[in-house]
Amino acid sequence: MLSIQKLNQYYGQSHTLWDIEFEIPRNSCTCVLGRNGVGKTTLMQSIMGLAPNVDGALIFEGQDMVGMAAEHRAPAGIAYIPQGRQIFAQLTVEENIRTGFFAARKKHSVVPQELYELFPVLKEMRHRRGGDLSGGQQQQLAIARALVLEPKLLLMDEPAEGIQPTIVAEIGEVIKRLNTEKGITVLLVEQKLPFARKVGSHFVVLDRGRLQAQGTMTELSDDLVHQYLNV
Ligand SMILES: Nc1ncnc2c1ncn2[C@@H]1O[C@H](COP(=O)(O)OP(=O)(O)OP(=O)(O)O)[C@@H](O)[C@H]1O
Ligand SMILES: [Mg+2]
């Protein structure tokens with residue numbers, strides 16, 4: 001679905017990503033693992049066209065997106081949920097979801113019922129302000145807004161960060177359903193290993209901007225975990 005080839009990225013003089021190469025198979029849930037500051041978010045932003053100075057190739061469904069403007073990547077079928085969720089605190093839940101309408105391929109006038117079926121709590125709270133929601137509810141809202149785009153590929157940056165454990169499990173279930181029932185391919189940045197093992201089918205490990213390992217989730221060995229992750 002997405003082939004990443006010789007991807008390099010620079011913040012000014014600082015070379016952040018080094019010759020990253022991997023494939024995201026269709027219908028997979030691929031987890032990007034690695035310690036703080038290794039370049040996970042920069043990788044996501046590079047895919048979305050939000051990071052400066054990216055070279056290499058990003059072949060999405062046969063088309064190279066390097067050089068394609070960020071605003072054209074969502075309509076091409078890629079959605080991104082940034083780290084920290086970034087919902088609008090002052091807008092209501094429903095208004096937050098509606099902000100996804102502008103970039104959507106299909107034109108909507110009302111919030112698709114399907115989203116409220118996936119996240120009943122958002123229906124209950126649709127007139128409340130985004131800022132009044134709990135962390136877990138905000139994450140559900142961020143996912144709902146991204147789903148308005150009907151993405152083929154969904155990028156999520158640490159969706160379980162700062163969320164209480166029971167809700168983390170619920171979010172894990174939702175990601176699995178999107179992946180298996182709706183056929184959405186997922187690229188997930190995750191530092192919580194049990195969560196990654198539960199929802200992920202494949203993994204890549206980053207360390208100091210370089211890809212150090214990749215494989216199917218069952219191939220993620222304890223050695224790799226000790227060498228490259230905090231556990
Ligand atoms: N806008 C920026 N300008 C300059 N340097 C940046 C910028 N954003 C990130 N960096 C640097 O690039 C490196 C990778 O950062 P990045 O945020 O991609 O890491 P990360 O793996 O997502 O970390 P975390 O686990 O803390 O979210 C870090 O050294 C960081 O300081
Ligand atoms: Mg990050």
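**Notes on the predicted model**

1. Let's start with burial: of the 231 residues in the protein chain, 41% are buried. Please keep in mind that this is a predicted model.

2. On confidence, the protein chain has a mean pLDDT of 93, and 100% of its residues reach 70 or more. Among its elements, β1 has the highest mean pLDDT, at 98, while helix α2 (residues 70-76) has the lowest, at 87.

3. Next, the overall form. A compact globule of 231 residues would have a radius of gyration near 17 Å, and the protein chain agrees, with 17 Å. Along the principal axes, its C-alpha atoms fill a box of roughly 45 × 35 × 35 Å. The protein chain holds 9 helices and 10 strands. Of its contacts with a separation of 6 or more, 68% are between residues 24 or more positions apart.

4. β1 (residues 2-11) runs antiparallel to β4 (residues 54-60), and 6 bridges join the two. Within this pairing, Leu58 in β4 is the residue opposite Ile4.

5. β4 also pairs with β5 (residues 63-64), again in the antiparallel sense, over 2 bridges. Here Phe60 has Gln63 in β5 as its bridge partner. The hairpin of β4 and β5 has 2 residues between the strands, and Glu61 in this hairpin takes a positive phi near 50 degrees.

6. The ligand site deserves a careful look. The residues surrounding ligand 1 are Tyr11, Ser14, Thr16, Gly34, Asn36, Gly37, Val38, Gly39, Lys40, Thr41, Thr42 and Gln83. By type, the shell consists of 9 polar, 2 nonpolar and 1 charged residue. If you set up any view of this site, note that Gly counts as polar in that division.

7. Which elements supply at least two residues each to the shell around ligand 1? They are β2 (14-24) and α1 (40-48). The most comes from α1, which gives 3 residues.

8. That brings us to α1 itself. The rest of the structure largely encloses α1, because 7 of its 9 residues are buried. These buried residues are Lys40, Thr42, Leu43, Met44, Gln45, Ser46 and Ile47.

Methods:
Residues are numbered from 1 along each chain as its sequence is written. Chains are lettered from A and ligands numbered from 1 in the order in which they are written. This is a predicted model: local features need pLDDT of at least 70, side-chain atom pairs count only at pLDDT 80 or more; totals for chains, interfaces and linings use all residues. Two strands pair if DSSP finds at least two bridges between them. Helices (H or I, at least four residues) and strands (E, at least two) are DSSP runs, numbered from the N terminus. A residue is near a molecule or strand if its C-beta atom, placed from the backbone, lies within 6 Å of it. A residue is buried if 20 or more other C-beta atoms lie within 10 Å of its own, exposed if 12 or fewer, and partly exposed in between; C-beta atoms are placed from the backbone. pLDDT is the predictor's confidence in each residue, from 0 to 100. The radius of gyration is taken over C-alpha atoms; the globule rule is 2.2 Å times the number of residues to the power 0.38. Two residues are in contact if their C-beta atoms, placed from the backbone, lie within 7 Å.
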